Amino acid sequence: MHTFFIAPTGFGVGLTSISLGLVGALERAGLKVGFFKPIAQPHQGDMGPERSSELIARTHGLHSPKPLALAHVERMLGDGQLDELLEEIISLYQQAAADKDVVIVEGMVPTRQASYAARVNFHLAKSLDAEVILVSAPEQESLSELSDRVEIQAQLFGGPKDEKVLGVILNKVRSDDGIEAFANRLKELSPLLKGDDFRLLGCIPWLEELNAPRTRDIADLLGARVLNAGDYEQRRMLKIVLCARAVANTVQLLKPGTLVVTPGDRDDIILAASLAAMNGMPLAGLLLCSDFAPDPRIMELCRGALQGGLPVMTVSTGSYDTATNLNRLNKEIPVDDKERADKVADFVASHIDHEWLFARCGTPRELRMSPPAFRYQLVQRAKAANKRIVLPEGSEPRTVQAAAICQARGIARCVLLAKPDDVHAVARAHGIELPEGLEILDPDLIRERYVEPMVELRKGKGLNAPMAAAQLEDTVVLGTMMLALDEVDGLVSGAINTTANTIRPALQLIKTAPGYKLVSSVFFMLLPDQVLVYGDCAVNPDPTAVELAEIALQSAASASAFGIIPRVAMLSYSTGDSGSGEEVEKVREATRLAKAIAPQLLLDGPLQYDAAAIESVGRQKAPGSPVAGRATVFIFPDLNTGNTTYKAVQRSADCVSVGPMLQGLRKPVNDLSRGALVDDIVFTIALTAIQAANLPQ
């Protein structure tokens, strides 16, 4: 088990951001990661839980021991009880390290009040036998000065040649010629980085949007009175504009994410900002200063903007003091801002040398597919597949946003089936930037050319041209024909359409894959510690024993395709030979059939859920079973059980479920829940792209 101690070289280096990214990077590699912040350092005004620990808990689901209070630590240091303090910290560390492959320990940040932080960090690293990673952020200094500052900090832990001083992560790097050029210049100039003893483990560029607070955070930190909350929970401040100029000279400053600061009696600015908002400009908000209440008649004129989500706040301070207070705001991530924390974690993780760190950790006891690792591999494999995916619900807002994300990130080449004007209207209304290369096909312009091929495909069913033309009015049918003719690699639908409307055209035009007689589904359940596969929870109401065996084999193959070692549990209300009845016998027969077809597969049943999932229960109820207590694929006996269980687990455990992913078709078609979030659609598109890449050539 490895311990990485991250130590800042000064104040304001973004230590918590690095913790978020390091945990994410190592989890992606399949390691079981723990986090520990030994000593709390609350900022002025912090009243809740310790910030780093809480953000890690909310972002990565890692719950660490409560850090020691700063006052308690200072009292012990003042009384000369350093050894007792370290013993107390080691006791807490043992809790954080239980069953983990690696633990990230976040050190103290030196401040005016905590000038002793560097000394405490040294003792912590030594006491925990940890490997040290320094974290620094370039200031207004030369590369030589930066290198010297890092080396001075390295000396505090034994010097850069010490085998336990691994290297440095540079955060908030601003470089006109890019991060790679900056890193190369630093390596050439710094003697510190010439060899392999001390490494540059990460170089994280400055990104403005990662430092963008929510408008609600601005209101809270300024103590502003909220006149109209609007979307202040979602909107973010990227830029501050203090409006003292005429409206004509202000218009060009009203950009997405702008917080407009103006005295409350500047009716012209208030009206201009409201007009911009009503025209689809997602301003961060309107902050009225100088203790002037806005004219109610003006606010009535602005009702459309207010109802459209424009936040409006007021403070009593004048323009100058308000601007000063805004620039002095605490830029730390609030503990409840999970969206920003997730973005920071992913961004930092993508710029850290996680492969070297993983190699440093050695091989874990058993590589498991953690939710972060699953999501990361999903995106990376989809990118590598480079598949073209059609989205029949092309003007649905969540679908448009998901397609834009997938196109921009290279997850898939998306095709929206919709009128271009409708898609652009949706994009404007929701502030979605449509990336270059995103295809939008007007169904009315392409429908005719699929009539004849569809008649040919369905000639055995008596389909004629007028009937085909009528069915092709449905964009799901149209998209399915594109897939049938190999013009696209996969299809994703269901944000508006029912599961039946998505699957029916696929069964008619795509057909089942060789060796399969039915279509079924799986959900990937992203639990805190691992990813499990649930099947079938969406398609087959009451499968026979033969069908249940086929669902088990399909689900095991899907698990393997996505990096999950299949250990298949055939679920029932009875375990082994303890019960009888028609439903148990069906599961018992399905287990026998599946084993006969795939004797090498780790599969057992009937098993109750607890016997399949909990190791201690599995040992008691099914001793000797290769699956009990360690199952990764759960096969439910019918749709009623499967659908209810997946939703119960999803809601009660607050876990993400990816799917349903359809299996058994010749080509990938996937269904969405009608309540799907944008991220759900993005992951389903990625799943579809990977399925397409895995098809036999």
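Author: Helix H4 passes helix H5 in a right-handed crossing, where right-handed means that the near helix is turned clockwise from the far one by less than a right angle, and left-handed means anticlockwise. Helices (H or I, at least four residues) and strands (E, at least two) are DSSP runs numbered from the N terminus. This is a predicted model, in which local features need pLDDT of at least 70 and side-chain atom pairs pLDDT 80 or more, whereas totals for chains, interfaces and linings use all residues. Residues are numbered from 1 along each chain as its sequence is written, and side-chain values use heavy atoms, without hydrogens and water.

Reader: At what angle do H4 and H5 cross?

Author: The axes of H4 (residues 82-97) and H5 (residues 117-127) cross at roughly 55 degrees and come within 11 Å. Axes are lines fitted to C-alpha atoms, for helices over the stretch in contact, and angles between N-to-C directions run from 0 to 180 degrees. H4 and H5 are therefore oblique to each other (under 35 degrees is roughly parallel, over 145 roughly antiparallel, 65 to 115 roughly perpendicular, and the rest oblique).

Reader: Which residues of H4 and H5 make that contact?

Author: H4 contributes Leu-82, Leu-86, Ile-89 and Ile-90, and H5 contributes Arg-119, His-123, Leu-124 and Ser-127. Contact here means heavy atoms within 4.5 Å.

Reader: What about H16 and H28, and how do their axes meet?

Author: The axes of H16 (residues 397-409) and H28 (residues 678-694) come within 9 Å and cross at roughly 50 degrees. H16 and H28 are therefore oblique to each other, and their crossing is right-handed. On the H16 side the contact is made by Arg-398, Thr-399, Gln-401, Ala-402, Ile-405 and Cys-406, and on the H28 side by Val-678, Ile-681, Val-682 and Ile-685.

Reader: Which strands does H28 lie across?

Author: H28 lies across S16 and S21, running at about 35 degrees to S21. S16 and S21 belong to an open sheet of six strands with mixed pairing, in the order S19-S18-S20-S17-S16-S21. Strand S19 (602-607) and strand S21 (656-663) are the edge strands, each pairing on one side only. From one strand to the next, the twist averages 20 degrees.

Reader: In which sense do S16 and S17 pair, parallel or antiparallel?

Author: Strand S16 (residues 520-526) and strand S17 (residues 531-535) pair in the antiparallel sense, over five bridges. DSSP must find at least two bridges for strands to count as paired. Phe-524 stands opposite Val-533 in S17.

Reader: Changing topic, what is the strand order of the sheet with parallel pairing?

Author: That open sheet of six strands runs S2-S3-S1-S4-S5-S6. Its edges are strand S2 (33-36) and strand S6 (199-205), each of which pairs on one side only. Here too a figure is given for the twist: an average of 20 degrees from one strand to the next.

Reader: How many bridges join S4 and S5?

Author: Five bridges join strand S4 (residues 131-136) to strand S5 (residues 165-173), in the parallel sense. Leu-134 stands opposite Val-168 in S5. Helix H6 (residues 143-155) packs on this sheet, touching strand S1 (2-8), S4 and S5, and its direction makes about 150 degrees with that of S4.

Reader: Which strands does H14 lie across?

Author: Helix H14 (residues 354-361) lies across S1, strand S3 (102-106), S4, S5 and S6, and runs at about 135 degrees to S1.
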